[in-house]
Amino acid sequence: MDQRIKELAKKLVNYSCKLEKEENLYIKLDGLSGKPLALAIIKEAYRLGAYPFVEINDESITRQIALDCNKDQMDIENDSKLQIMKKMDAYIGIRALDNFTEMADVPVSKATIMMDSDKKVREQRVNGTKWVGLNYPTAGMAQKSEMSLEKYEDYFFQVCNMDYSKMAENMKNLVDLMENTDKVSIKGPGTDLNFSIKNMKAIPCAGEMNIPDGEIFTAPVKESVNGYISYNIPSNYK
């Protein structure tokens with residue numbers, strides 16, 4: 001097995017989830033391409049004396065179910081998942097999709113049924129477990145990035161296997177600066193934006209809930225935003 005996968009598995013289990021002996025770990029694998037990472041996580045969990053549980057989904061099967069699903073059907077499935085999730089201490093979600101548009105022809109009404117039915121499971125995961133989520137490098141992701149799979153994998157593991165504990169320490173000064181800042185001005189080609197972040201909390205993200213990571217986020221004071229912004233990539237916001 002690629003040593004980089006083993007290193008990532010250890011980081012997810014020990015750093016992100018802080019998994020402990022006899023704790024229950026739920027691994028959700030969306031896409032069979034992520035199987036090597038799931039196997040490495042299982043081995044690491046057992047090494048710690050924890051208990052791994054696995055859910056495996058294939059996007060083509062999920063699509064077929066979604067096309068003709070109904071609320072009662074999805075409620076039965078997610079009620080059982082909810083009972084399992086209530087017994088979990090940690091959760092790792094691996095998204096390893098080979099085709100990002102596999103669900104494109106699923107009617108919005110059916111996709112809504114699946115999302116609404118899954119809501120309680122997601123809430124239990126977010127509020128009741130130590131969780132982390134990530135994408136796994138696939139041919140689909142490499143193509144979307146206009147890179148070869150080998151080059152994309154090199155890029156992926158470089159950013160995912162960095163020292164996130166060191167990153168967290170280095171973020172402290174910027175968090176302090178942001179939490180003591182009032183006015184923010186962003187200027188650039190086609191952009192002149194001004195707003196206030198006074199008394200707004202700054203949240204550092206250093207690999208504990210998402211990998212790769214490295215942001216510190218906040219929000220503007222309501223009604224303080226003024227100006228305009230332009231994008232150099234497609235955006236859903238106009």
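The model is predicted, so local features need pLDDT of at least 70 and side-chain atom pairs count only at pLDDT 80 or more, while totals for chains, interfaces and linings use all residues. Residues are numbered from 1 along each chain as its sequence is written, and side-chain values use heavy atoms, with hydrogens and water left out. Helices (H or I, at least four residues) and strands (E, at least two) are DSSP runs, numbered from the N terminus. Two strands pair if DSSP finds at least two bridges between them.

**Parallel sheet**

- An open sheet of 4 strands runs in the order E2-E1-E3-E4, with parallel pairing.
- Strand E2 (51–57) and E4 are the edges; each has a single partner strand, so one side of each is left without a neighbour in the sheet.
- From one strand to the next, the twist averages 15°. Axes are lines fitted to C-alpha atoms, for helices over the stretch in contact, and angles run from 0 to 180 degrees between N-to-C directions.
- Strand E1 (residues 24–30) pairs with strand E3 (residues 90–95) in the parallel sense, over 6 bridges.
- Within this pair, Leu25 stands opposite Ala90 in E3.
- Helix H2 (residues 35–48) packs on the sheet and touches E1, E2, E3 and E4. The direction of H2 makes about 175° with that of E1. Contact here means heavy atoms within 4.5 Å.

**Antiparallel sheet**

- A second open sheet has 3 strands in the order E5-E6-E9, with antiparallel pairing.
- E5 and E9 are the edge strands, and each pairs on one side only.
- Neighbouring strands of this sheet are turned by 15° against each other on average, direction ignored.
- Strand E5 (residues 183–188) and strand E6 (residues 191–196) pair in the antiparallel sense over 6 bridges.
- Ile186 has Leu193 as its bridge partner in E6. Gly188 stands opposite Thr191 in E6.
- E5 and E6 form a hairpin, with 2 residues between them. Gly190 in the turn has a positive phi of about 75°.
- E6 also pairs with strand E9 (residues 226–228), in the antiparallel sense over 3 bridges. Here Asp192 stands opposite Tyr228 in E9.

**Helix pair H4 and H6**

- The axes of helix H4 (residues 71–85) and helix H6 (residues 119–128) come within 9 Å and cross at roughly 10°.
- H4 and H6 are therefore roughly parallel to each other. Angles under 35 degrees count as roughly parallel, over 145 as roughly antiparallel, 65 to 115 as roughly perpendicular and the rest as oblique.
- From H4, the contact uses Asn78, Lys81, Leu82 and Met85. From H6, it uses Lys120, Val121, Gln124 and Arg125.
- These contact residues divide into 3 nonpolar, 2 polar and 3 charged. Ala, Val, Leu, Ile, Met, Phe, Trp, Tyr, Cys and Pro count as nonpolar, Asp, Glu, Lys and Arg as charged, and the others, Gly among them, as polar.

**Tyr15, in a helix**

- Tyr15 is found in helix H1 (residues 3–16).
- Tyr15 is buried, with a relative accessible area of 18%. Buried means under 20% relative accessible area, exposed over 50%, partly exposed in between (1.4 Å probe, protein chains only).
- The side chain of Tyr15 reaches the backbone oxygen of Ala206 at 2.8 Å. A polar contact is a pair of N or O atoms within 3.5 Å; within protein, one must be able to donate a hydrogen and the other to accept it, and residues adjacent in sequence count only if both atoms are side-chain atoms.
- Leaving aside neighbours within four places in sequence, Tyr15 is in contact with Lys10, Tyr164, Ser165, Ala168, Ala206, Gly207 and Glu208.
- Tyr15 and Glu208 are 193 residues apart along the chain, yet their C-alpha atoms are separated by 7.0 Å.

**Thr138, in a loop**

- Thr138 sits in the loop between strand E4 (130–135) and helix H7 (139–144).
- Thr138 counts as buried, at 2% relative accessibility.
- A polar atom of the Thr138 side chain lies 2.8 Å from the backbone oxygen of Leu97.
- Beyond neighbours within four places in sequence, Thr138 is in contact with Ser33, Ala96, Leu97, Asp98 and Leu149.

**Asn232, after E9**

- Asn232 lies in the segment after E9.
- Asn232 is exposed, with a relative accessible area of 76%.
- Asn232 and Asp182 are 50 residues apart in sequence and 28 Å apart in space, C-alpha to C-alpha.
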